[in-house]
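I opened this model to look up its fold, its core, its aromatic rings and its charged pairs. My notes are below, in the order I took them.

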Amino acid sequence: MACGMSAPAHAAVPQTAAGALASWHYVEFWGSQRDCIDAGQEYQREGWRYKCEYGYDDHVEAWGWVLSIWE
């Protein structure tokens, strides 16, 4: 498990209905790119595509790194 993570990556994976179109889904916000990538690699090891993008996160009302997965 990546340092600083409080739950396994699969615990936060949102579920989709069968046959739904795939798209990017918000997972969580990180203050540093390194932490975002570490968390994303946990998802990657479980077979998920991920991306970390710098931007404004309305969930926490701050600028930082947003982790999203493709499903």
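The entries go from the overall layout to single residues.

**Ground rules**

I am working from a predicted model, in which local features need pLDDT of at least 70, side-chain atom pairs count only at pLDDT 80 or more, and totals for chains, interfaces and linings use all residues. Residues are numbered from 1 along each chain as its sequence is written, and side-chain values use heavy atoms, with hydrogens and water left out.

**Entry 1: layout**

I looked up the secondary structure.

Next I checked burial. Of the 71 residues, 30% count as buried. The cut-offs are under 20% relative accessible area for buried, over 50% for exposed, and partly exposed in between (1.4 Å probe, protein chains only).

The accessible surface comes to about 4,700 Å². Carbon and sulfur atoms hold 50% of that surface. These areas come from the Shrake-Rupley method with a 1.4 Å probe; for residues, only the protein chains shown count as cover.

I also looked at contacts, meaning heavy atoms within 4.5 Å. Among contacts with a separation of 6 or more, 61% join residues 24 or more positions apart.

**Entry 2: the core**

Which residues make up the largest nonpolar core? I listed nine: Val27, Trp30, Cys36, Ala39, Tyr43, Cys52, Trp65, Leu67 and Ile69. β1, α1 (33–45) and β3 (62–70) each supply at least two residues of this core. The term covers buried Ala, Val, Leu, Ile, Met, Phe, Trp, Tyr and Cys residues joined through side-chain atoms within 4.5 Å.

Neighbours within four places in sequence aside, Cys36 is in contact with Trp30, Cys52, Trp65, Val66 and Leu67.

**Entry 3: Trp24**

I found Trp24 in strand β1 (residues 24–30). Trp24 counts as partly exposed because its relative accessibility is 29%. I then asked what Trp24 touches, not counting residues up to four places away in sequence. The list is Arg49, Tyr50, Lys51, Ser68, Ile69 and Trp70. Trp24 and Glu71 are 47 residues apart in sequence, yet their C-alpha atoms are 6.5 Å apart in space.

**Entry 4: aromatic rings**

I counted four aromatic pairs. Tyr54 and Trp63 are stacked, because their ring centres are 6.0 Å apart and their planes are at 25°. Tyr56 and Trp63 are edge-to-face, at 5.6 Å centre to centre and 65° between the planes. The rule: rings of Phe, Tyr and Trp (its six-membered ring) pair if their centres lie within 6.5 Å; planes under 30 degrees apart count as stacked, over 60 as edge-to-face and the rest as tilted.

Tyr54, Tyr56, Trp63 and Trp65 form one aromatic cluster.

Buried or exposed: what are Tyr54 and Trp63? Both are exposed. Trp63 has a relative accessible area of 56%. Tyr56, in strand β2 (residues 49–57), is partly exposed at 41%.

I noted that Tyr54, Tyr56 and Trp63 form a nonpolar surface patch, with about 400 Å² of accessible area together. Patches are made of residues with over 30% relative accessible area and no salt bridge: like charges are joined within 9 Å, nonpolar side chains (Val, Leu, Ile, Met, Phe, Trp, Tyr) within 5 Å.

Tyr54 also lies in strand β2. Leaving aside neighbours within four places in sequence, Tyr54 is in contact with Trp63, Gly64 and Trp65. Its C-alpha is 9.7 Å from that of Phe29, 25 residues away along the chain.

**Entry 5: charged pairs**

Side chains of opposite charge can pair when their charged atoms come close. I found two salt bridges, each a side-chain nitrogen of Lys or Arg within 4 Å of a carboxyl oxygen of Asp or Glu.

Glu42 and Arg45 meet in one of them, at 2.8 Å, N to O. These two are three residues apart in helix α1, so about one helical turn separates them. Glu42 is buried, at 11% relative accessible area, whereas Arg45 is exposed, at 59%.

Lys51 and Glu53 also meet in a salt bridge, at 3.5 Å, N to O. Lys51 is partly exposed at 23%. Glu53 is partly exposed at 45%.

Key: Helices (H or I, at least four residues) and strands (E, at least two) are DSSP runs, numbered from the N terminus.
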